[in-house]
Amino acid sequence: MIIIHTPKQLPSVDSLLNTPSVQELVREHGLALVTSCAQSGLMRARQSVLAGRTTNMAALVQSVLQEIERILLPSIRPVYNLTGTVLHTNLGRAALPESAIQAMVDVARGASNIEFDLETGKRGDRYKHAEALLCQLTGAEGAVVVNNNAAAVLLTLNSLARRKEVLVSRGELIEIGGGFRMPDIMARAGCKLVEVGTTNRTHEADFESAISPRTALIMKVHTSNFEIKGFTKSVLERELSRIAHRHNLTFVTDLGSGNLIDLEPYKLPYEMTVTDALESGADLVTFSGDKLLGGPQAGIIIGRRDLIEKLKRSPMTRAMRPDKVTLAALQAVLRLYTDTKCLVKELPTLRLLTRDPVVIEQLAYRLVKVLQDRLNQCEVTVAQTLSQVGSGALPIDRLQSAALKITRPDFRRPGNSLNRLAKAFRELPIPVIGRISNDALWFDLRCLEDEKDFVENLRGLKVV
Ligand SMILES: *Cc1c(COP(=O)(O)O)cnc(C)c1O
């Protein structure tokens, strides 16, 4: 093997392309892609040689192959979410039910009547596909679907209160992560935010005295990801709606997560349902499609027909319209809610949130030996843990769960050995994402359902 020390010794692009193993890559991937990968491989090799390192022909071929893989490998890939957060925003939130996946595949493959009325042969209404079911399930008069709940809030404020004042309690001016801050959204919607009350206490009289001739709307924001404890007071939906309606103002509730059904029968903590919010007097309610609802990313606005019609006419709605694949999935998910008997079995979000801790623990005991065999330098144990719902839904409640906990004496010392182990799991064919806590790597097994594939995937683990 000839060692290359200087840029002069590097092969030309042509001679690299003519080596038999690169010729094989050309046959597989085409000349154009391989040429450009050979060029960038040689460029990097040149820099490396200039920096005093050496290379050789085999390493050059390898770098061409790596560059091809880097370009061709899809960058969005399935992973195992063993973080213990069921609705993990960075890991794509809700897993969809099979019926929704099938519906997405069906409309993705070809033409559909997404905006075409099959009866009249004329242009149809994109929003009507989900609207009938949403109205049926919530008792609302109308509904409109946009790309996400942040868009739903922006659209609602902009369409109903532009250049006007919007009253919000100081205790609800939240940031929910990813740059979504209520005050900023207000400003972008063209509304003037009027902060009412104090951080911990807001009274009805505070709202009454904040109303001016320029007020258009009162908004209640679900404080998704935090709780203020102690000396607190907030104004209930019912009172807010009474105040709003007495002054001819619109009352909107941003529920954030938005569950369609009462979660208490599933032994989950109480969370106001969308129907509760409507019944407490909200004119419009906004919520997410991919949080507790368990559907695709979407923002759903339901409520008074005249207001929904106004939203549909806004030019902003056109800029936020969901695509056919999303609407097909949403409709399929909503259909599951019409028969709550099968819901917990068929809707992954609810199934995972209500999974029996005993079943999770049994799974942990089956897997602990498999993992221990792969990691003979480490100690792998079954440990109790608490999962969380995630995405700001039911923020402070924790669900009893079981985890595989991996420790090693050197994890406690400074250095990167624990991070290196976590990385080795992320480099598996299907990356496995856990959580680092207390000098250990934790895999909460609540969201692991395909045990066999998981074990198979572990065979690729490069022990560190
Ligand atoms: C999550 C959330 C949003 C944003 O919803 P997305 O669907 O993520 O855009 C808005 N308001 C509240 C209260 C939320 O919890």
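Ile218 is in contact (heavy atoms within 4.5 Å) with Leu167, Phe207, Leu240, Ile243, Ala244, Leu249, Thr250, Phe251 and Val252, leaving aside residues up to four places away in sequence. The model is predicted: local features need pLDDT of at least 70 and side-chain atom pairs count only at pLDDT 80 or more, while totals for chains, interfaces and linings use all residues. Residues are numbered from 1 along each chain as its sequence is written, and side-chain values use heavy atoms, without hydrogens and water.

Ile218, with Val285 and Ile302, has the most contacts inside the largest nonpolar core, a set of 62 residues. Such a core joins buried Ala, Val, Leu, Ile, Met, Phe, Trp, Tyr and Cys residues through side-chain atoms within 4.5 Å; buried means under 20% relative accessible area (1.4 Å probe, protein chains only). Helix α14 (residues 324-337) gives the largest share of this core, nine residues. Helices are DSSP runs of H or I with at least four residues, and strands are runs of E with at least two, numbered from the N terminus. The core lies between domain 2 (80-89 + 351-460) and domain 3 (98-346), because both give residues to it; the bounds come from an automatic or database domain assignment. A second, separate core has 32 residues, including Val144, Val146, Leu160 and Ala216.

For the protein chain as a whole, 49% of the 464 residues count as buried. The chain has 19 helices and 13 strands, and its C-alpha atoms fill a box of roughly 85 × 55 × 45 Å along the principal axes. Among contacts with a separation of 6 or more, 73% join residues 24 or more positions apart.

Conventions:
Buried means under 20% relative accessible area, exposed over 50%, partly exposed in between (1.4 Å probe, protein chains only).
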